[in-house]
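Please look through the structure below, and then follow the explanation from one part of the chain to the next.

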Amino acid sequence: MRKPDSPLWRFGVATMALATAFAVVACGSDADNSAAPAATGSHGAHAGGSSAPSQPLRAGERFVDLKMAEAYTPAPPEGGTDEYRCQVIDPGLTKAAFLTGTQFTPENVAIAHHAIVYAVPPGGAAAVREQDAKTPGLGWQCFGGTGVAGAEVEEGDAAWVDTWAPGATETLLTQDAGYRLEPGSLLVLQIHYNLLATDGKPAGSDRSAVRLRLTDGTPQTRELVTWPVDAPTDLPCAADESGPLCDRAASIADVTKRFGADVGDMADRQVEECGQSAPKAGSTQTCDHKVEAPMTLFAGFGHMHMLGRAIKVELNPGTPNAKVVLDVPQFDFDNQRLVQLPSPVEIGPGDTLRVTCTHDAGLRKRLPQLSKLPPRYVVWGDGTSDEMCIGIMTVSLRRAK
(Lines give C-alpha, C1' and ligand atoms only; values in the text may rest on other atoms or scores of the structure.)
Protein backbone atom coordinates (compact mmCIF):
# COMPACT_ATOMS: atom_id res chain seq x y z
CA MET A 1 0.00 0.00 0.00
CA ARG A 2 1.13 3.50 -0.65
CA LYS A 3 0.42 6.87 0.91
CA PRO A 4 -1.30 9.28 -1.54
CA ASP A 5 0.72 12.25 -2.77
CA SER A 6 -2.20 14.48 -3.71
CA PRO A 7 -4.48 16.16 -1.14
CA LEU A 8 -6.50 14.19 1.38
CA TRP A 9 -7.87 10.96 -0.02
CA ARG A 10 -6.92 11.15 -3.70
CA PHE A 11 -4.38 8.81 -5.29
CA GLY A 12 -2.57 10.22 -8.34
CA VAL A 13 -2.76 8.20 -11.53
CA ALA A 14 0.91 7.49 -10.98
CA THR A 15 -0.47 4.68 -8.81
CA MET A 16 -2.68 3.08 -11.40
CA ALA A 17 -0.58 0.62 -13.35
CA LEU A 18 -2.86 -1.26 -15.68
CA ALA A 19 -3.25 -4.00 -18.23
CA THR A 20 -6.46 -5.33 -19.73
CA ALA A 21 -6.52 -8.55 -17.75
CA PHE A 22 -10.00 -9.16 -16.34
CA ALA A 23 -12.99 -10.85 -17.92
CA VAL A 24 -16.60 -10.60 -16.79
CA VAL A 25 -17.65 -13.95 -15.35
CA ALA A 26 -21.28 -13.33 -14.42
CA CYS A 27 -23.71 -10.58 -13.56
CA GLY A 28 -26.86 -10.36 -11.50
CA SER A 29 -28.10 -11.93 -8.31
CA ASP A 30 -27.72 -15.48 -9.64
CA ALA A 31 -24.01 -15.10 -10.37
CA ASP A 32 -21.74 -17.93 -9.27
CA ASN A 33 -20.25 -17.19 -5.88
CA SER A 34 -17.56 -19.84 -5.73
CA ALA A 35 -14.37 -18.80 -3.99
CA ALA A 36 -10.95 -20.35 -3.73
CA PRO A 37 -10.55 -22.08 -0.38
CA ALA A 38 -8.65 -19.98 2.11
CA ALA A 39 -5.53 -21.33 3.69
CA THR A 40 -5.30 -21.26 7.42
CA GLY A 41 -2.31 -20.05 9.33
CA SER A 42 -0.87 -17.76 11.93
CA HIS A 43 0.49 -14.26 11.75
CA GLY A 44 3.86 -15.73 10.96
CA ALA A 45 2.54 -18.00 8.25
CA HIS A 46 1.22 -15.11 6.12
CA ALA A 47 -1.74 -17.13 4.91
CA GLY A 48 -4.92 -15.27 5.74
CA GLY A 49 -7.79 -15.65 3.32
CA SER A 50 -11.15 -14.20 2.39
CA SER A 51 -13.52 -17.14 2.18
CA ALA A 52 -16.76 -15.65 3.51
CA PRO A 53 -19.53 -15.58 0.91
CA SER A 54 -20.94 -12.28 -0.29
CA GLN A 55 -23.86 -10.94 1.66
CA PRO A 56 -27.24 -10.92 -0.14
CA LEU A 57 -28.05 -8.19 -2.61
CA ARG A 58 -30.07 -5.30 -1.27
CA ALA A 59 -32.83 -3.54 -3.19
CA GLY A 60 -31.50 -1.94 -6.38
CA GLU A 61 -28.09 -3.64 -6.24
CA ARG A 62 -26.50 -6.04 -8.72
CA PHE A 63 -23.34 -8.14 -8.76
CA VAL A 64 -20.67 -7.99 -11.45
CA ASP A 65 -18.16 -10.83 -11.16
CA LEU A 66 -14.76 -10.53 -12.82
CA LYS A 67 -11.74 -12.79 -12.94
CA MET A 68 -8.18 -12.44 -14.23
CA ALA A 69 -8.15 -13.43 -17.90
CA GLU A 70 -5.21 -15.76 -17.24
CA ALA A 71 -3.07 -16.93 -14.36
CA TYR A 72 0.01 -14.92 -13.41
CA THR A 73 3.21 -16.17 -11.79
CA PRO A 74 4.92 -13.39 -9.78
CA ALA A 75 8.58 -12.66 -10.49
CA PRO A 76 10.03 -10.18 -7.96
CA PRO A 77 12.79 -7.95 -9.38
CA GLU A 78 16.19 -6.98 -7.98
CA GLY A 79 16.60 -10.24 -6.10
CA GLY A 80 13.69 -9.25 -3.87
CA THR A 81 10.70 -11.16 -2.55
CA ASP A 82 7.89 -8.74 -3.46
CA GLU A 83 6.10 -7.80 -6.65
CA TYR A 84 3.24 -5.35 -7.17
CA ARG A 85 1.23 -6.26 -10.26
CA CYS A 86 -1.56 -4.10 -11.66
CA GLN A 87 -4.36 -4.92 -14.06
CA VAL A 88 -7.41 -3.12 -15.39
CA ILE A 89 -11.02 -4.01 -14.67
CA ASP A 90 -13.50 -2.57 -17.14
CA PRO A 91 -16.97 -2.68 -15.54
CA GLY A 92 -18.50 -1.67 -18.89
CA LEU A 93 -20.51 1.23 -17.48
CA THR A 94 -22.74 3.11 -19.89
CA LYS A 95 -24.32 5.20 -17.14
CA ALA A 96 -23.23 6.42 -13.71
CA ALA A 97 -23.31 3.89 -10.89
CA PHE A 98 -22.23 3.60 -7.26
CA LEU A 99 -19.88 0.92 -6.01
CA THR A 100 -21.45 -0.16 -2.70
CA GLY A 101 -19.33 -3.23 -2.03
CA THR A 102 -16.25 -5.05 -3.30
CA GLN A 103 -15.06 -8.55 -2.50
CA PHE A 104 -11.61 -9.64 -3.64
CA THR A 105 -10.97 -13.38 -3.68
CA PRO A 106 -7.28 -14.33 -3.87
CA GLU A 107 -6.73 -17.69 -5.52
CA ASN A 108 -3.20 -18.19 -4.13
CA VAL A 109 -3.54 -16.89 -0.58
CA ALA A 110 -0.03 -18.03 0.33
CA ILE A 111 1.50 -15.22 -1.76
CA ALA A 112 -1.21 -12.52 -1.58
CA HIS A 113 -0.17 -9.67 0.74
CA HIS A 114 -2.85 -7.14 -0.17
CA ALA A 115 -4.93 -5.81 -3.04
CA ILE A 116 -6.23 -2.31 -3.78
CA VAL A 117 -8.99 -1.31 -6.18
CA TYR A 118 -8.74 2.14 -7.77
CA ALA A 119 -11.42 3.95 -9.79
CA VAL A 120 -10.10 5.70 -12.90
CA PRO A 121 -12.44 8.39 -14.27
CA PRO A 122 -12.99 8.67 -18.04
CA GLY A 123 -10.43 11.48 -18.28
CA GLY A 124 -7.64 9.10 -17.33
CA ALA A 125 -8.74 6.09 -19.36
CA ALA A 126 -6.94 6.92 -22.63
CA ALA A 127 -3.54 7.39 -21.01
CA VAL A 128 -4.04 4.20 -19.05
CA ARG A 129 -4.94 2.22 -22.17
CA GLU A 130 -1.87 3.65 -23.91
CA GLN A 131 0.39 2.53 -21.08
CA ASP A 132 -1.26 -0.87 -21.16
CA ALA A 133 -0.56 -1.23 -24.88
CA LYS A 134 3.15 -0.53 -24.33
CA THR A 135 3.50 -3.34 -21.79
CA PRO A 136 3.70 -6.95 -23.02
CA GLY A 137 2.17 -9.76 -21.04
CA LEU A 138 -0.29 -9.66 -18.19
CA GLY A 139 -0.03 -6.31 -16.40
CA TRP A 140 3.20 -4.79 -15.20
CA GLN A 141 5.12 -4.15 -12.02
CA CYS A 142 3.87 -1.10 -10.15
CA PHE A 143 5.83 -0.40 -6.99
CA GLY A 144 4.65 2.84 -5.37
CA GLY A 145 3.43 4.22 -8.68
CA THR A 146 3.65 3.52 -12.39
CA GLY A 147 4.75 6.95 -13.60
CA VAL A 148 1.97 7.21 -16.19
CA ALA A 149 2.78 10.57 -17.75
CA GLY A 150 0.71 13.19 -19.53
CA ALA A 151 -1.71 15.99 -18.68
CA GLU A 152 -4.65 13.76 -19.50
CA VAL A 153 -3.58 11.55 -16.61
CA GLU A 154 -3.31 14.46 -14.19
CA GLU A 155 -6.85 15.47 -15.12
CA GLY A 156 -8.12 11.95 -14.49
CA ASP A 157 -6.73 11.01 -11.09
CA ALA A 158 -7.56 7.59 -9.73
CA ALA A 159 -9.37 7.24 -6.42
CA TRP A 160 -8.73 4.46 -3.90
CA VAL A 161 -12.09 2.70 -3.50
CA ASP A 162 -11.40 -0.63 -1.83
CA THR A 163 -8.70 -2.63 -0.06
CA TRP A 164 -8.26 -6.30 0.68
CA ALA A 165 -5.77 -7.62 3.22
CA PRO A 166 -5.60 -11.07 4.84
CA GLY A 167 -8.74 -11.73 6.87
CA ALA A 168 -10.79 -9.04 5.15
CA THR A 169 -14.34 -9.72 4.00
CA GLU A 170 -17.00 -7.62 2.32
CA THR A 171 -18.11 -4.97 4.82
CA LEU A 172 -21.27 -3.16 3.74
CA LEU A 173 -22.14 0.33 4.84
CA THR A 174 -25.56 1.88 4.43
CA GLN A 175 -27.16 1.15 1.08
CA ASP A 176 -27.24 4.89 0.33
CA ALA A 177 -23.45 5.29 0.33
CA GLY A 178 -20.97 4.23 -2.35
CA TYR A 179 -18.10 5.23 -4.62
CA ARG A 180 -19.42 7.04 -7.69
CA LEU A 181 -18.31 5.66 -11.05
CA GLU A 182 -18.95 7.68 -14.21
CA PRO A 183 -19.71 6.08 -17.61
CA GLY A 184 -16.45 4.97 -19.18
CA SER A 185 -14.67 4.63 -15.84
CA LEU A 186 -12.15 1.86 -15.32
CA LEU A 187 -11.25 0.03 -12.15
CA VAL A 188 -7.66 -0.91 -11.43
CA LEU A 189 -6.63 -3.88 -9.33
CA GLN A 190 -3.21 -3.72 -7.73
CA ILE A 191 -2.06 -6.99 -6.14
CA HIS A 192 0.98 -7.19 -3.89
CA TYR A 193 2.54 -10.64 -4.13
CA ASN A 194 5.04 -11.72 -1.46
CA LEU A 195 7.43 -14.65 -1.91
CA LEU A 196 9.31 -14.49 1.38
CA ALA A 197 8.58 -18.16 2.05
CA THR A 198 10.48 -19.19 -1.11
CA ASP A 199 13.21 -16.52 -1.01
CA GLY A 200 11.73 -14.81 -4.06
CA LYS A 201 11.63 -17.93 -6.22
CA PRO A 202 8.42 -18.77 -8.17
CA ALA A 203 5.73 -20.04 -5.81
CA GLY A 204 2.91 -20.90 -8.15
CA SER A 205 0.51 -18.80 -10.17
CA ASP A 206 -2.49 -16.73 -9.16
CA ARG A 207 -5.78 -16.07 -10.88
CA SER A 208 -7.75 -13.95 -8.44
CA ALA A 209 -11.30 -12.65 -8.79
CA VAL A 210 -13.28 -9.57 -7.80
CA ARG A 211 -17.01 -9.25 -7.16
CA LEU A 212 -18.45 -5.72 -7.54
CA ARG A 213 -21.73 -4.65 -5.94
CA LEU A 214 -23.27 -1.84 -7.98
CA THR A 215 -26.37 0.31 -7.74
CA ASP A 216 -27.71 3.22 -9.76
CA GLY A 217 -28.09 5.29 -6.61
CA THR A 218 -30.54 8.05 -5.73
CA PRO A 219 -30.25 11.81 -5.17
CA GLN A 220 -29.67 10.97 -1.49
CA THR A 221 -26.80 8.52 -2.06
CA ARG A 222 -23.67 9.64 -0.22
CA GLU A 223 -20.46 9.57 -2.27
CA LEU A 224 -17.67 7.77 -0.42
CA VAL A 225 -13.96 8.50 -0.61
CA THR A 226 -10.96 6.87 1.05
CA TRP A 227 -8.70 8.90 3.33
CA PRO A 228 -5.47 7.10 4.27
CA VAL A 229 -3.81 8.62 7.37
CA ASP A 230 -0.28 7.40 7.96
CA ALA A 231 2.68 7.76 10.31
CA PRO A 232 6.39 7.14 9.70
CA THR A 233 8.06 3.85 10.50
CA ASP A 234 11.46 4.30 12.19
CA LEU A 235 12.07 1.01 13.95
CA PRO A 236 15.73 0.43 14.89
CA CYS A 237 17.31 -2.98 15.24
CA ALA A 238 16.76 -4.72 18.56
CA ALA A 239 19.47 -4.37 21.20
CA ASP A 240 20.89 -7.82 20.45
CA GLU A 241 20.95 -7.29 16.67
CA SER A 242 23.65 -5.81 14.46
CA GLY A 243 24.55 -5.59 10.79
CA PRO A 244 25.01 -3.15 7.90
CA LEU A 245 21.25 -2.60 7.44
CA CYS A 246 20.85 -1.52 11.07
CA ASP A 247 21.92 1.89 9.76
CA ARG A 248 18.90 3.99 8.72
CA ALA A 249 20.54 5.41 5.58
CA ALA A 250 21.67 1.96 4.46
CA SER A 251 18.17 0.59 4.98
CA ILE A 252 16.61 3.42 2.95
CA ALA A 253 19.14 2.76 0.18
CA ASP A 254 18.08 -0.90 0.18
CA VAL A 255 14.38 0.03 -0.07
CA THR A 256 15.24 2.40 -2.93
CA LYS A 257 17.11 -0.35 -4.77
CA ARG A 258 14.19 -2.76 -4.45
CA PHE A 259 11.30 -0.41 -5.19
CA GLY A 260 12.64 2.81 -6.71
CA ALA A 261 13.24 6.36 -5.54
CA ASP A 262 9.55 7.22 -5.10
CA VAL A 263 9.18 4.55 -2.40
CA GLY A 264 12.68 5.11 -1.02
CA ASP A 265 11.92 8.78 -0.42
CA MET A 266 8.88 7.99 1.71
CA ALA A 267 10.74 7.63 5.02
CA ASP A 268 12.13 11.18 4.96
CA ARG A 269 9.05 12.64 3.27
CA GLN A 270 6.77 11.35 6.02
CA VAL A 271 8.97 12.79 8.73
CA GLU A 272 8.68 16.21 7.09
CA GLU A 273 4.93 15.93 6.42
CA CYS A 274 4.31 14.99 10.05
CA GLY A 275 6.04 18.17 11.22
CA GLN A 276 9.08 16.45 12.69
CA SER A 277 12.49 18.09 12.35
CA ALA A 278 14.27 14.73 12.38
CA PRO A 279 13.42 11.02 12.52
CA LYS A 280 12.48 9.73 15.97
CA ALA A 281 13.77 6.18 16.20
CA GLY A 282 11.54 3.97 18.31
CA SER A 283 8.83 1.35 18.38
CA THR A 284 5.91 3.83 18.50
CA GLN A 285 5.28 6.56 15.95
CA THR A 286 2.48 9.11 15.56
CA CYS A 287 1.34 11.67 13.02
CA ASP A 288 -1.44 14.28 13.11
CA HIS A 289 -3.59 14.90 10.03
CA LYS A 290 -5.70 18.04 9.79
CA VAL A 291 -9.25 17.65 8.52
CA GLU A 292 -9.61 19.89 5.48
CA ALA A 293 -13.34 19.76 4.75
CA PRO A 294 -16.63 18.86 6.44
CA MET A 295 -17.13 15.12 6.19
CA THR A 296 -18.70 12.08 7.78
CA LEU A 297 -16.52 9.24 9.00
CA PHE A 298 -18.11 5.80 8.46
CA ALA A 299 -15.42 3.11 8.91
CA GLY A 300 -11.73 2.29 8.87
CA PHE A 301 -9.10 -0.36 9.23
CA GLY A 302 -5.44 -0.39 10.16
CA HIS A 303 -2.70 -1.75 7.91
CA MET A 304 0.77 -2.73 9.07
CA HIS A 305 3.06 -5.60 8.18
CA MET A 306 4.48 -8.51 10.18
CA LEU A 307 6.20 -6.48 12.90
CA GLY A 308 3.00 -4.59 13.72
CA ARG A 309 1.73 -4.71 17.30
CA ALA A 310 -1.01 -2.06 17.55
CA ILE A 311 -2.61 0.77 15.61
CA LYS A 312 -5.03 3.48 16.72
CA VAL A 313 -6.68 6.51 15.12
CA GLU A 314 -7.93 9.25 17.46
CA LEU A 315 -10.07 12.30 16.79
CA ASN A 316 -8.86 15.49 18.49
CA PRO A 317 -6.56 13.78 21.02
CA GLY A 318 -5.84 15.71 24.21
CA THR A 319 -9.05 17.76 24.00
CA PRO A 320 -12.39 17.47 25.83
CA ASN A 321 -13.88 16.16 22.58
CA ALA A 322 -11.29 13.43 22.06
CA LYS A 323 -12.63 10.20 20.59
CA VAL A 324 -11.02 6.95 19.45
CA VAL A 325 -12.39 6.08 16.00
CA LEU A 326 -10.20 3.04 15.28
CA ASP A 327 -8.46 0.86 17.84
CA VAL A 328 -6.58 -2.36 17.08
CA PRO A 329 -4.70 -3.07 20.34
CA GLN A 330 -3.48 -6.49 19.16
CA PHE A 331 -2.74 -6.24 15.47
CA ASP A 332 -2.92 -9.50 13.53
CA PHE A 333 -1.60 -9.42 9.98
CA ASP A 334 -3.92 -12.27 9.05
CA ASN A 335 -7.04 -10.53 10.36
CA GLN A 336 -7.22 -7.08 8.80
CA ARG A 337 -10.86 -6.09 8.55
CA LEU A 338 -12.74 -2.90 7.83
CA VAL A 339 -14.48 -1.83 11.05
CA GLN A 340 -17.74 0.09 10.77
CA LEU A 341 -18.17 2.76 13.44
CA PRO A 342 -21.14 2.19 15.79
CA SER A 343 -22.54 5.40 14.34
CA PRO A 344 -21.13 7.86 11.78
CA VAL A 345 -18.91 10.64 13.19
CA GLU A 346 -19.11 14.18 11.84
CA ILE A 347 -15.74 15.93 11.45
CA GLY A 348 -14.55 19.11 9.76
CA PRO A 349 -11.96 21.90 9.57
CA GLY A 350 -10.33 22.45 12.94
CA ASP A 351 -10.41 18.73 13.74
CA THR A 352 -7.39 16.44 13.78
CA LEU A 353 -6.97 12.71 13.23
CA ARG A 354 -3.91 11.22 14.92
CA VAL A 355 -2.63 7.81 13.87
CA THR A 356 -0.37 5.88 16.23
CA CYS A 357 1.43 2.63 15.43
CA THR A 358 3.57 0.35 17.53
CA HIS A 359 5.98 -2.12 15.94
CA ASP A 360 8.18 -4.74 17.59
CA ALA A 361 11.64 -5.56 16.19
CA GLY A 362 11.76 -8.54 18.54
CA LEU A 363 9.14 -10.31 16.39
CA ARG A 364 11.70 -10.68 13.62
CA LYS A 365 13.39 -13.65 15.31
CA ARG A 366 10.06 -15.30 16.10
CA LEU A 367 8.54 -15.21 12.61
CA PRO A 368 9.84 -17.93 10.27
CA GLN A 369 9.70 -15.77 7.17
CA LEU A 370 11.63 -12.89 8.77
CA SER A 371 14.08 -14.79 10.95
CA LYS A 372 16.20 -15.80 7.96
CA LEU A 373 16.64 -12.18 6.85
CA PRO A 374 19.48 -9.92 8.07
CA PRO A 375 18.51 -7.45 10.82
CA ARG A 376 17.50 -4.01 9.57
CA TYR A 377 16.43 -0.58 10.68
CA VAL A 378 12.87 -0.83 9.40
CA VAL A 379 11.43 2.09 7.44
CA TRP A 380 8.37 2.53 5.23
CA GLY A 381 8.61 0.17 2.27
CA ASP A 382 6.50 -1.82 -0.15
CA GLY A 383 7.82 -5.22 0.93
CA THR A 384 6.37 -7.54 3.53
CA SER A 385 9.77 -7.42 5.28
CA ASP A 386 9.46 -3.61 5.43
CA GLU A 387 6.74 -1.84 7.39
CA MET A 388 3.83 0.56 7.12
CA CYS A 389 1.53 2.42 9.47
CA ILE A 390 -1.72 3.49 7.88
CA GLY A 391 -5.31 3.99 8.99
CA ILE A 392 -7.53 3.60 5.94
CA MET A 393 -10.64 5.63 6.68
CA THR A 394 -13.90 5.59 4.71
CA VAL A 395 -15.50 9.04 4.64
CA SER A 396 -18.04 11.11 2.72
CA LEU A 397 -17.98 14.85 2.17
CA ARG A 398 -20.98 16.51 3.78
CA ARG A 399 -23.36 18.30 1.49
CA ALA A 400 -23.94 21.98 2.06
CA LYS A 401 -27.30 22.68 3.67
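**Aromatic pairs, a cavity and salt bridges**

Both Tyr72 and Tyr193 are buried, where buried means under 20% relative accessible area, exposed over 50% and partly exposed in between, with a 1.4 Å probe and protein chains only. This is a predicted model, in which local features need pLDDT of at least 70 and side-chain atom pairs count only at pLDDT 80 or more, while totals for chains, interfaces and linings use all residues. Residues are numbered from 1 along each chain as its sequence is written, and side-chain values use heavy atoms, with hydrogens and water left out.

Strands, like helices, are DSSP runs numbered from the N terminus, with at least two residues (E) for a strand and at least four (H or I) for a helix.

What of Phe104 and Trp164, and how are their rings set? Their centres are 5.3 Å apart and their planes are at 55°, so this pair too is tilted. Phe104 sits in strand β5 and Trp164 in strand β8, and the pair links parts of the chain that are 60 residues apart. Both Phe104 and Trp164 are buried.

A search of the whole structure finds 1 cavity of 30 Å³ or more, a cavity being a set of points, on a 1 Å grid over the protein atoms alone, where a 1.4 Å probe fits but cannot get out, with lining residues having an atom within 4 Å of a point. The lining is made of 26 residues, of which Val161, Asp162, Thr163, Thr171 and Leu338 lie nearest the centre of the cavity. At least two lining residues each come from β5 (97–105), β8 (158–164), β9 (177–181), β12 (222–230) and β21 (390–397), and β5 gives the largest share, with 6 residues. By class the lining has 12 nonpolar, 11 polar and 3 charged residues, where Ala, Val, Leu, Ile, Met, Phe, Trp, Tyr, Cys and Pro count as nonpolar, Asp, Glu, Lys and Arg as charged, and the others, Gly among them, as polar.

Thr394, in strand β21, counts as buried at 7% relative accessibility, and, residues up to four places away in sequence not being counted, Thr394 touches Leu173, Tyr179, Leu224, Val225, Thr296, Leu297, Phe298, Ala299 and Leu338; contact here means heavy atoms within 4.5 Å. Ala97, found in strand β5, is buried at 0% relative accessibility. Leaving aside neighbours within four places in sequence, Ala97 is in contact with Arg62, Tyr179, Arg180, Leu181 and Thr215. From C-alpha to C-alpha, Ala97 and Asp216 are 4.6 Å apart in space, although 119 residues apart in sequence.

Asp216 leads on to the salt bridges, each a side-chain nitrogen of Lys or Arg within 4 Å of a carboxyl oxygen of Asp or Glu, and the count by this rule comes to 19. Asp216 forms one with Arg62, the closest N and O atoms being 3.3 Å apart. Asp216 lies in the loop between β11 (209–215) and β12, and Arg62 in strand β3 (residues 61–68), so the pair ties together parts 154 residues apart in sequence. Asp216 is partly exposed, with a relative accessible area of 38%, and Arg62 is likewise partly exposed, at 28% relative accessibility.

Arg180, another contact of Ala97, forms a salt bridge with Glu182, with 2.6 Å between the closest N and O atoms. Arg309 forms one with Asp360, with the closest N and O atoms 2.9 Å apart.

Key. 1 Å grid on protein atoms, 1.4 Å probe; cavity = no way out; pocket = protein on both sides within 12 Å on 5 of 7 lines; lining within 4 Å. Points joined across faces, edges and corners; volume = space filled by probe spheres on them. Phe/Tyr/Trp six-rings, centres within 6.5 Å; stacked < 30°, edge-to-face > 60°.
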